[in-house]
Amino acid sequence: MMTLIRLYSVSKVYPNGAVGLLNADTYIRQGEFVFLVGPSGAGKTTFMNLLMRQVLPTQGQVIVDGRNVVRMRPSEVPYLRRAVRMIFQDYKLLPNKTAYENVAFALRVTEANPRQIRARVTEALELVGIADKARAYPGELSGGEQQRVSVARAIVGDPTILLADEPTGNLDLDTSWGIMELLLRINKRGTTVIMATHNRSIVNGMMRRVIELDCGKIVRDDERGAYGREADHGMVLPG
Amino acid sequence: MRLTTVWYFLAEGWRSARRNVSLISLGTIAASLFVLGALALILMNLDHISQSLQARIEIRAFLEDGLSPEGVAAVREQIRGTDGVAQVAFVSKDEGLRRLRGQLGERAGLLDVVGDNPLPDAFDVRVEDPERTSEVAARISRIPGVLGVNYGQGFTEKLLATMRLVGVAGAAVAALFVAAVVFIVGNTVRLTVISRAREIEVMKLVGATDWFIRWPFLVEGMVVGLVGAAISGLLLFACYKVGVRYVAALAPFIPVITAPEPVAALCVALLLMGVLMGIVAGGVFVKRYLRV
């Protein structure tokens with residue numbers, strides 16, 4: 001499999017002295033499903049923000065899909081973000097737009113033609129199972145439904161990489177598994193998925209690659225890993 | 001840029017203006033443009049009054065008694081040839097007396113006491129530039145056959161100095177007001193943008209280019225500026241109409257602007273200014289939130 005993401009001794013120290021990432025060296029191949037685990041403040045979000053170029057490393061190089069994120073011109077950033085989509089714990093939906101418009105926005109920014117937008121947004125909403133809520137505003141949707149809209153927005157443009165930062169953090173267990181099932185389906189279609197999570201049962205139930213961070217350092221990288229104490233009684237997800 | 005994208009920007013800007021712009025910010029913009037417009041109207045009227053007063057400034061050159069018609073004609077030619085003179089009109093002593101009677105009104109009886117017409121023949125001279133009145137008058141007074149000149153000495157100089165002062169002060173106050181209005185409108189748009197910083201951040205995170213984000217804000221700024229300016233323009237136009245009628249009834253001798261064209265032109269200028277300020281403010285303040 002082709003290497004899609006490469007981190008070369010990447011460190012990120014924030015202006016207030018907090019360490020985001022320390023000398024991280026790793027790679028992620030195309031089509032992989034990777035869990036980023038670790039306690040709060042371990043550097044999971046920094047890892048993802050570096051890939052989206054929301055922050056720049058203080059040291060090292062980050063290569064994403066053949067692009068050097070560090071040396072990239074600001075005008076190239078939007079194009080990186082169309083290839084690397086992200087799902088956020090707080091969904092980050094535009095409150096003044098309906099579910100449909102929120103998803104369509106991700107295609108509008110690429111200036112896709114309207115017919116294409118309509119077809120693909122409808123398809124994405126159907127895939128995440130909320131086609132019937134297309135006209136609802138985020139405020140009228142439950143947390144799980146909002147996260148589904150956010151997933152639909154992330155996948156509608158067929159991204160190369162999908163980042164999910166604690167996508168199940170605010171959701172109950174059943175809804176969380178629903179979202180996980182979705183991410184797996186998207187991963188099967190060829191999209192590389194990187195998911196940061198605290199949720200041990202999800203990680204242990206899926207048995208995928210696990211990268212564990214602690215205080216900004218990569219302390220573990222297992223091909224079919226588990227996370228912590230619940231490793232031995234994890235749930236197994238069908239599919 | 002695709003046509004559908006342009007249409008999207010327009011629709012988005014308009015929708016967002018309708019949703020986000022509060023009555024308070026719209027009112028603020030309308031009120032500040034109204035005050036600016038009112039000041040401009042006052043200045044325009046002062047200028048109008050000053051011009052019509054200046055147009056009335058003329059020099060009366062009295063002729064020596066007993067000049068022959070040829071002598072009178074010669075003096076007329078010399079006055080006409082004087083630098084700065086625009087128009088020369090003969091006022092015979094009889095015409096002069098008639099005008100004086102008109103001016104004295106009820107007290108015209110005084111003239112009967114005097115008996116014979118005491119007034120000499122004269123020329124009414126209009127100058128090209130009112131500022132040069134005293135200079136031209138001095139030159140005319142030196143022409144042989146001219147007994148003396150009268151142009152409201154003292155008063156004319158004071159009037160001209162006052163008008164100059166009013167003009168400079170007015171321009172200064174207007175400049176201050178423009179600055180204040182730009183500040184107020186800019187701040188109003190800024191607050192709308194700040195309240196949507198999160199929205200801008202989300203747009204950037206899903207891969208929108210800076211211009212894609214900026215355009216709807218520019219359209220929104222334009223709509224807000226346009227609506228605010230339209231409200232103030234209409235209000236100003238209506239208030240001015242009422243005001244002019246009031247002045248006409250109370251002080252008919254004050255030559256205010258009654259033609260609608262200059263007032264309408266001012267309203268159009270306000271409209272353009274509102275639109276421009278909205279666009280500039282929208283563009284400038286969004287820029288600050290684009291660094292995500």
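Trainee: Is A:Ser9 buried or exposed, and why?
Mentor: A:Ser9 counts as exposed, because it has 12 C-beta neighbours inside 10 Å. The cut-off for exposed is 12 or fewer. Keep in mind that this is a predicted model.

Trainee: Where does A:Ser9 lie?
Mentor: A:Ser9 is part of strand S1 of chain A, residues 3-13. Its phi is near 30°, a positive value in a residue other than glycine.

Trainee: Which other residue has a positive phi, near 45°?
Mentor: A:Glu166, again a residue other than glycine. A:Glu166 sits in the loop between strand S7 (161-165) and helix H6 (173-188) of chain A.

Trainee: Buried or exposed, that A:Glu166?
Mentor: Buried, because 21 other C-beta atoms lie within 10 Å of A:Glu166. The cut-off for buried is 20 or more.

Trainee: Back to S1 of chain A. What sheet is it in?
Mentor: An open sheet of four strands in chain A, in the order S2-S1-S4-S5, with antiparallel pairing. Strand S2 (19-29) and strand S5 (67-68) of chain A are at the edges; each has a single partner strand, so one side of each has no neighbour in the sheet.

Trainee: How many bridges join S1(A) and S4(A)?
Mentor: Five, in the antiparallel sense, with S4 of chain A covering residues 59-64. As one example of a bridge, A:Leu7 is partnered by A:Val62 in S4(A).

Trainee: Which helix lies across S1, S2 and S4 of chain A?
Mentor: Helix H1 of chain A, residues 44-52, which runs at about 120° to S1(A).

Trainee: And what is in the loop between S1 and S2 of chain A?
Mentor: A:Gly17 is found there. A:Gly17 counts as exposed because it has 6 C-beta neighbours inside 10 Å. For a sense of distance, A:Gly17 and A:Arg82 are 65 residues apart along the chain, and their C-alpha atoms are separated by 31 Å.

Trainee: New topic. What is the order of the six-strand sheet in chain A?
Mentor: S6-S7-S8-S3-S9-S10, an open sheet with mixed pairing. The edges are strand S6 (84-87) and strand S10 (217-222) of chain A; each has a single partner strand, so one side of each is left without a neighbour in the sheet. From one strand to the next, the twist averages 20°.

Trainee: How do S9(A) and S10(A) pair?
Mentor: In the antiparallel sense, over five bridges. There, A:Val210 stands opposite A:Asp222 in S10(A).

Trainee: What does H5(A) touch on that sheet?
Mentor: H5(A) packs on the sheet and touches S6 and S7 of chain A; its direction makes about 180° with that of S6(A).

Trainee: Where is A:Met207?
Mentor: In the loop between helix H7 (200-206) and strand S9 (209-214) of chain A. A:Met207 counts as partly exposed because it has 17 C-beta neighbours inside 10 Å. A:Met207 and A:Ile194 are 13 residues apart in sequence and 14 Å apart in space, C-alpha to C-alpha.

Trainee: How many residues of helix H3 in chain A are buried?
Mentor: Nine of its ten residues, so the helix, residues 99-108, is mostly covered. The buried residues include A:Tyr100, A:Asn102, A:Phe105 and A:Arg108.

Trainee: What covers the buried residues of H3(A)?
Mentor: The cover includes helix H4 (114-127) and helix H5 (143-155) of chain A, together with H1 of chain B.

Trainee: Chain B, then. How many residues of chain B are in contact with chain A?
Mentor: 14 residues of chain B, in contact with 16 residues of chain A. On the chain B side, helix H1 (3-20) and helix H8 (197-205) each supply at least two residues. H1(B) gives the most, with four residues.

Trainee: What classes of residue are on that side of chain B?
Mentor: Seven nonpolar, four polar and three charged residues.

Trainee: Last one. Which domains does chain B have?
Mentor: The domain assignment gives domain 1 (3-53 + 158-288) and domain 2 (58-150). The centres of domain 1 and domain 2 of chain B, taken over C-alpha atoms, are separated by 51 Å.

How values were computed
Residues are numbered from 1 along each chain as its sequence is written. Chains are lettered from A and ligands numbered from 1 in the order in which they are written. This is a predicted model: local features need pLDDT of at least 70, side-chain atom pairs count only at pLDDT 80 or more; totals for chains, interfaces and linings use all residues. Two residues are in contact if their C-beta atoms, placed from the backbone, lie within 7 Å. Ala, Val, Leu, Ile, Met, Phe, Trp, Tyr, Cys and Pro count as nonpolar, Asp, Glu, Lys and Arg as charged, and the others, Gly among them, as polar. Domain bounds come from an automatic or database domain assignment. Two strands pair if DSSP finds at least two bridges between them. Axes are lines fitted to C-alpha atoms, for helices over the stretch in contact, and angles run from 0 to 180 degrees between N-to-C directions.
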